[in-house]
Amino acid sequence: MTRQSLCFHLGLLLGASVLANGSALANSQESSAETSCLQAQELIGGYDHDVLTQKSSLTVHQNLPDFIKSKPQIRGGRLSIQVYNPTIEQAQSEYSQLWCKLKSAADIARNESSLGLPSLGERKNCDRINKVFFEDLLALHPDLLTAYNDSGYQIIFSNKSYYTGAQWAPSVPTISLTGAKQITVTTTSLESIPGIPVIGGMNYCKFVAPQGLGQLVLDLSKDDQSDFSKIKLNATAAEMQIAGPDVSFHSVSLPPDFNGLLPRKADLYWPKAPAQGVYILSPGGSVAPLHMRSLARQIAEQGHGVFVVHYPLDLALLEKLALQKNTAYLFANLLNDQNLDFFEGLPQSIKTELHSQKLPLRLFGHSLGGAIVGDSIFGDNSPFDQIIIYGTSSFVQSNKSTQVGVSDLQVIFGANDGLSFADPADRESFAQKYGFTERVSATESRIPGQIHGLHVLPDLNHFCIVNEMTSGNSLFKARDLPGLAPSVCIPKLVSLLKDKNWL
């Protein structure tokens, strides 16, 4: 079977096919959720499938508050199971999840006389149940098993236990790269002591759903190179796993300030073809540099080197308060003046390329990472040829000027941004203050001789350009509106940059 054919058939399995009736897809997902949670309850105590089916009822909740309030019960000789399919935002992952509220084996044993459901086999915890989901998936789809074996990756399962509902409720399963060829799927579980009224005898599990596991295998088995854009990575990941086959990845730094307390570093993504320009990417608050890897990689794939700046504790504002400086601005001045010997870890081949010609220099700032570069925006000697900010509605600046000094400033935000410009009146006030004409296509601003623009991208929210959906300030994330998944959101943003000839 060809890869295209494999993807098509798995698309049907994963709910990715386009159906004429949208409810048909919803019903198929609901049926799968019911089947999987029933199987999970069966595996918790090793129960007979047919007897459990006769003795059980399942409720698939349509919204999270109802699911959180629900409790699995043993009543009237029947066992109730509570089921929920979280949204991408709730799951904080692009791999579909399944959340099941089940009864513990201990509580079912305590109620055996009224329920009539004896344990017949081995008891399994949430991670072992998720492993069974995966094994059954591979057994049911031989082509998926072949793809998994050909990928060379091993998927293992672990569990993280919680002891109160307040801990378990916000938890999510994770998929992480934990070795060169090892992916770890971590479930979350909560089990309570039987016999306590209402809250006793629970066994809650949050799984990566079979559909999500199938999509994970597809991502790991891509023809050219495995796609890690949706998988959690750490700094020990291999260059290829971070940057992909067409981009090289490096760690560069400048001599530290304050005796090393504030090291000035950047992740560097460099195209393997000759570079056409350089971007300095300034991450938002509580967003680690590695979490910007997909945006940086896709910009680099378009032929531009990208420096992703590190900030102390991933907060650009701390550096501003401590040093009255900004690493993004400092990097830009050195690159602009071609003082490349200050950079440690910068390959000689890239130094030679930068020395050979003066490449256009752009800043891309996300949220607080854009707000912090106010000096460069309002100063007279900005090193940047262009500044592009995403999800930024105000600026931190030291000088008193409100006149935009940079010749080309572009402000981009998602229409679903719940933090920046959530109120259209705020957007209009910002546009008037800084001389923008709100637009989607390029037009000139009200300031003669300058090219400024404010762009609105439909369906994008504040954090969708960040790889790790768990990153970012949790309070701010709670205010954000639903948006596209990063794998869809980031290409849309890069497409705008390309359409405007900024790439």
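Helix α9 (residues 142–151) and helix α11 (residues 210–220) pack against each other with their axes 9 Å apart and at an angle of about 45°. The model is a predicted one, in which local features need pLDDT of at least 70, side-chain atom pairs count only at pLDDT 80 or more, and totals for chains, interfaces and linings use all residues. Residues are numbered from 1 along each chain as its sequence is written, and side-chain values use heavy atoms, with hydrogens and water left out.

The helices named here are DSSP runs (H or I, at least four residues), numbered from the N terminus, and their axes are lines fitted to C-alpha atoms over the stretch in contact, with angles between N-to-C directions running from 0 to 180 degrees. Since angles under 35 degrees count as roughly parallel, over 145 as roughly antiparallel, 65 to 115 as roughly perpendicular and the rest as oblique, α9 and α11 are therefore oblique to each other. Their crossing is left-handed, a term for a near helix turned anticlockwise from the far one by less than a right angle, whereas clockwise gives a right-handed crossing. On the α9 side the contact (heavy atoms within 4.5 Å) is made by Leu-144, Ala-147, Tyr-148 and Ser-151, and on the α11 side by Gly-214, Val-217 and Leu-220. These residues divide into five nonpolar, two polar and no charged, where Ala, Val, Leu, Ile, Met, Phe, Trp, Tyr, Cys and Pro count as nonpolar, Asp, Glu, Lys and Arg as charged, and the others, Gly among them, as polar.

Helix α9 also packs with helix α8 (residues 126–140), at an angle of about 110° and with the axes 5 Å apart, which makes α8 roughly perpendicular to α9. Here Phe-134, Leu-137, Leu-138, Ala-139 and Leu-140 of α8 meet Pro-142, Leu-144, Leu-145 and Tyr-148 of α9, and the residues of this contact are nine nonpolar, no polar and no charged.

Another pair is formed by helix α13 (residues 293–301) and helix α21 (residues 486–499), whose axes cross at roughly 35° and come within 10 Å. The crossing of α13 and α21 is right-handed. Ser-294, Leu-295, Gln-298 and Ile-299 of α13 make the contact with Ile-490, Pro-491, Leu-493, Val-494 and Leu-497 of α21, a set with seven nonpolar, two polar and no charged residues.

On a 1 Å grid over the protein atoms alone, a cavity is a set of points where a 1.4 Å probe fits but cannot get out, a pocket is an open set with protein on both sides within 12 Å along at least five of seven lines, and lining residues have an atom within 4 Å of a point. The second largest pocket has a volume of about 590 Å³, a volume being the space filled by probe spheres set on the grid points, which are joined across faces, edges and corners. Of the 29 residues that line this pocket, Glu-89, Gln-90, Gln-92, Met-469 and Lys-477 lie nearest its centre. At least two lining residues come from each of α4 (64–69), α5 (88–91) and α20 (474–479), and α20 gives the largest share, three residues. The lining of the second largest pocket has 15 nonpolar, nine polar and five charged residues.

The structure also holds two cavities of 30 Å³ or more. The largest cavity contains about 160 Å³ of space, and among its 19 lining residues Gln-92, Ser-93, Glu-94, Lys-230 and Lys-232 are the closest to its centre. The second largest cavity has a volume of about 110 Å³, and its lining has seven nonpolar, three polar and one charged residues.
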